[in-house]
Amino acid sequence: MKKLVAHLYGDKHIWTVIFLLALFSFVPVYSASTNLVYTVGTGKSTFSYLFKHFFHLSVGFTLLYLVHRLEYRYFRSIAILMMPVATVLLFFTLIQGKTIGGANASRWLDIGFVQIQPSAIAAIVLLAYVAQYLVSIQDKKVEFWPSALELWLPVVIVVGLILPANFSTAAIIFLMVVGLAFIGKYPWKYLLAIGFAGIAFVALFILAAKTLPEGTMPNRVDTWISRIDRFANADEGGKDLYQVDNAKIAIASGGLFGKGPGKSIQKNFLPQSSSDFIYAIIVEEYGLLGGLTILFLYLYLFFRFLIAAHKAPTLFGKLLVIGLGIYFISQALINMGVAVSLLPTTGQTLPLISSGGTSIWMTCVSLGVILSVTKKEQEIQKQEMERLEEEERMQEELKRINEIRQEQGLAN
């Protein structure tokens, strides 16, 4: 075990929480999979879903390990090279995306041997691209139109391609980019203009989607509006509140200590019990204490991300940690907020716990990037400590030489 830990670089607190969340995920995923096998009938056995989750986590942690060994400065070039790839994947997803696991959204792309969710890839790539661009202009005078072409045009393309099928992800990515731009000291007057332009763009998209004949353009505008309307008028009830009502029942029946691992009842009624609403199953089985423990782990990760950003040796490292870290935490808080009915249904997964493929892999990649930044920070601290220790040795050696000379002078 010590040999294994010795090969894991970076913030050990982050590593510990990552392992705890991943290990814990097997029990709720296995428990919730009974719904998919016996109720929905989409699998041969619960063990097949458990093995699938193990495979996805194994691939994810392999990617995490490989990425965290890289020097984080290389991600500047990688982000630039990957932007066209991510954009092409999003374009093909928009025109021929698939629905997976009963999710009512064309967010997946079938590439033959595996289905991927390009929006998860694009989010990481775009945030890294924005970070490297902000670093490139930190000592320059920023003009609106050149920056609009180099920074905001790629943002508009990526967010615009994600928007029709996944409003929540598009909104989170756009807000993350605006936040990064603010931290990177992009002129605030330009940011205001971009913010208003973003609102106008969404309004025009919704207007076009509602005006044009049905099927003219791929969109889920009616789904967004109905979800917000259901959330705002939850007291009126209705069949459309099926998932939300069952999530409430699961949380309410969990009590303080829960029913116990695998003993959830509502998992048999929640269609997305192993992904979007897995937090409700966790609270039902582990109670309020279990739910708060999971919340604490994510908040502790957020705290470590803030420390890592503060100690990052460069602006690029700081922006990477802030962008990727807050995006990770936002997904977790939104998922939990939806489960406890604080937010309308969005489709965001609970990172490292919900079942999934691309989402788990990209989460691990983003954590690997963050750990790469903390690794560099620790290397610098280690070098500084070695320098101080060398100076102390030199001082002691000089002191010893002076004492010898004094003794020789006295003897003469």
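**Close-up views of a predicted model**

**View A. The cover over the buried residues of helix H10 includes helix H11 (278–311) and helix H12 (315–339).** The model is predicted: local features need pLDDT of at least 70 and side-chain atom pairs pLDDT 80 or more, whereas totals for chains, interfaces and linings use all residues. Residues are numbered from 1 along each chain as its sequence is written, and side-chain values use heavy atoms, leaving out hydrogens and water. H10 spans residues 242–254, and its 13 residues reach 19 Å from the first C-alpha to the last, close to the expected 18 Å at 1.5 Å a residue. That expectation is 1.5 Å times one less than the number of residues. Helices (H or I, at least four residues) and strands (E, at least two) are DSSP runs numbered from the N terminus. Val-244, Asn-246, Ala-247, Ala-250 and Gly-254 are the buried residues of H10. Because they cover an arc of only 165° around the axis, they lie on the same side of H10; the arc is taken over the directions from the helix axis to the C-beta atoms. Residues count as buried under 20% relative accessible area, as exposed over 50% and as partly exposed in between (1.4 Å probe, protein chains only). After H10 comes Gly-255, with a positive phi near 65°.

**View B. Asp-11 and Arg-304 form a salt bridge, with 2.8 Å between the closest N and O atoms.** Asp-11 belongs to the loop between helix H1 (2–6) and helix H2 (12–40), and Arg-304 to helix H11, so the pair ties together parts that are 293 residues apart in sequence. Both Asp-11 and Arg-304 are buried. A salt bridge requires a side-chain nitrogen of Lys or Arg within 4 Å of a carboxyl oxygen of Asp or Glu. The structure holds two salt bridges; the other is the subject of the next view.

**View C. Glu-284 and Lys-259 are joined by a salt bridge between their side chains, at 3.1 Å from N to O.** Glu-284 is part of helix H11 and Lys-259 of the loop between H10 and H11, so this pair ties together parts 25 residues apart in sequence. Glu-284 is buried, at a relative accessible area of 0%, whereas Lys-259 is partly exposed, at 31%. Ile-265 also lies in the loop between H10 and H11 and touches both Lys-259 and Glu-284, residues up to four places away in sequence being left out of the count. Contact here means heavy atoms within 4.5 Å. With a relative accessibility of 42%, Ile-265 is partly exposed. From C-alpha to C-alpha, Ile-265 is 9.8 Å from Asn-246, a residue 19 positions away in sequence.

**View D. Leu-256, Phe-257, Leu-288, Leu-289 and Leu-292 make a nonpolar surface patch of about 490 Å².** Leu-289 is in helix H11 and is partly exposed, with a relative accessible area of 42%. Patch residues have over 30% relative accessible area and no salt bridge; like charges are joined within 9 Å, and nonpolar side chains (Val, Leu, Ile, Met, Phe, Trp, Tyr) within 5 Å. Accessible areas follow the Shrake-Rupley method with a 1.4 Å probe, and for residues only the protein chains shown count as cover.

**View E. Pro-351 occupies the loop between H12 and H13.** At 2% relative accessibility, Pro-351 is buried. Not counting residues up to four places away in sequence, Pro-351 touches Tyr-298, Phe-328, Gln-331, Ala-332 and Thr-363. Ile-18 is 333 residues from Pro-351 in sequence, yet their C-alpha atoms are 9.8 Å apart in space. The loop between H12 and helix H13 (358–411) also holds Ser-341, whose phi is positive, at about 65°, although Ser-341 is not a glycine.

**View F. Lys-185 has a positive phi near 65° and is not a glycine.** Most residues other than glycine have a negative phi. Lys-185 lies in the loop between helix H7 (167–183) and helix H8 (188–211) and is exposed, with a relative accessible area of 74%.

**View G. Helix H5 is mostly covered, with 18 of its 19 residues buried.** In the protein chain as a whole, 46% of the 412 residues are buried, and the secondary structure comes to 13 helices and two strands.
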